[in-house]
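Dear colleague,

Please find below the structure that I am handing over to you, followed by a short account of what was found in it.

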Amino acid sequence: MSDLFTPYELKSLKLKNRIVMPPMCQYSVENKDGIATDWHYIHYVSRAIGGTGLIIIEMTDVEPDGRITDYDLGLWSDDQIPGIKRIVDECHKYGAKVAIQIAHAGRKAEDAKVPVAPSPIPFDNKSKTPHELTTDEIKKIIEKFRLSVRRAVKAGVDAIEIHGAHGYLMHEFQSPLTNKRTDEYGQDLYKFGKEVVEVSKSEMPNDMPLIMRISAKEYVHGGYGINESILFSKEYKNAGVDIFHVSSGGEGPIGSSGKPGTHAAYQVPLARKIKEALNVPVIAVGKLGDPELANSIIGNDDADLVAIGRDMLRNPYWALEASIKLNKEILIPSQYKRGFPRIIENK
């Protein structure tokens, strides 16, 4: 039986444990240039030292107006490669593997003068009305995804994650709530996502896994649910996705019929259903910070990997402390062994 500290292997990605740091925006770019700073370096390397198996660098955007804010990371320029490479190389020294989330914020690009979207529907009554992308503009954005993935590969990442969740551009295309188009990208709601997957795979080594983060359920009236997300996940799997990172929501104000996040592991049933329906590896995420709970998700085969978000923001060494609580062996950095007296006493 596997547990949280059982190694995991998918294609060329070999992880020392099942613990994932999910992408969490830091909004810490200093000059609005999309280049990673010392903050990003310290932030991610700390989690590598802290024992995390897979670190997914935050939402990194394919064009300046594709950012949530002007302080987000980007990979639309070769000038942004060295900052990411510096992070990846240092994390590798401590046994962590690194993926990066490639994305476009779509209508949720707060600082864009005019955000873009499949259809001119604002996110809420406080948001700007987005420009409806032309068919040609869509194809140009897909090309920008391809080039950003190329730069990520040059930076030395171990995997790519495409952001198809939380109400950002890819999610906007796959939802009937936000895609009212009549062209090819409206007739097939999943065409944009499939083409992004295909061009991403064309830039990746054959043995590098592609992750996709999805919102498996929308919490608005008339939104899609798990049955629809199983359908589009099958399409994305056929296009080349190797593993799904299963989240939910993000498409609009939370409706009265759905209040996500009110209890631990609220998204795990969604991950399990995707895993079972597609026979594909999944990452579970969402209020999983209790080590025994996280461990049970692996042991019960609900998911293959477990993402620890806010708890890892509070504690970069979550994985080390989880190993103590679960009585699992883990390599404690020699400089920190005094902080783990039980480990020392056992040696």
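**Pockets and cores**

The second largest pocket holds about 300 Å³ of space. Please bear in mind that this is a predicted model. Fifteen residues line this second largest pocket, and those nearest its centre are Lys16, Ile49, Tyr94, Leu331 and Pro333. By class, its lining consists of eight nonpolar, four polar and three charged residues.

The largest pocket contains about 820 Å³ of space. Its lining is made up of 34 residues, with Met24, His166, Arg213, Ser247 and Arg310 closest to the centre. Helix H10 (residues 310-314) supplies the largest share of this lining, namely three residues. Sorted by class, the lining of the largest pocket comprises 17 nonpolar, twelve polar and five charged residues.

I turn now to the interior. In soluble globular proteins, nonpolar side chains tend to be buried together. In this model, the largest nonpolar core has 87 residues, and Ile102, Ile160, Ile162, Phe192 and Phe244 are those with the most contacts inside it. Helix H3 (residues 135-154) gives the largest share of this core, six residues. Another core, of 15 residues, lies apart from it and includes Leu10, Leu54, Val285 and Ala307.

Which residues is Ile162 in contact with, leaving aside its neighbours within four places in sequence? They are Ile102, Phe145, Val149, Met170, Val196, Ser200, Leu210, Ile211, Met212 and Arg213. One of these contacts of Ile162, Arg213, is also among the residues closest to the centre of the largest pocket.

Yours sincerely

Note on methods
Residues numbered from 1 in each chain as written. Predicted model: local features only at pLDDT ≥ 70, side-chain atom pairs only at ≥ 80, totals over all residues. Heavy atoms only, no water. Core = buried A, V, L, I, M, F, W, Y, C linked by side-chain atoms within 4.5 Å. Buried < 20%, exposed > 50% of the residue type's maximum accessible area, 1.4 Å probe, protein only. Helix = DSSP H or I, 4+ residues; strand = E, 2+ residues; numbered from the N terminus. Contact = heavy atoms within 4.5 Å. 1 Å grid on protein atoms, 1.4 Å probe; cavity = no way out; pocket = protein on both sides within 12 Å on 5 of 7 lines; lining within 4 Å. Points joined across faces, edges and corners; volume = space filled by probe spheres on them. Nonpolar A, V, L, I, M, F, W, Y, C, P; charged D, E, K, R; others polar.
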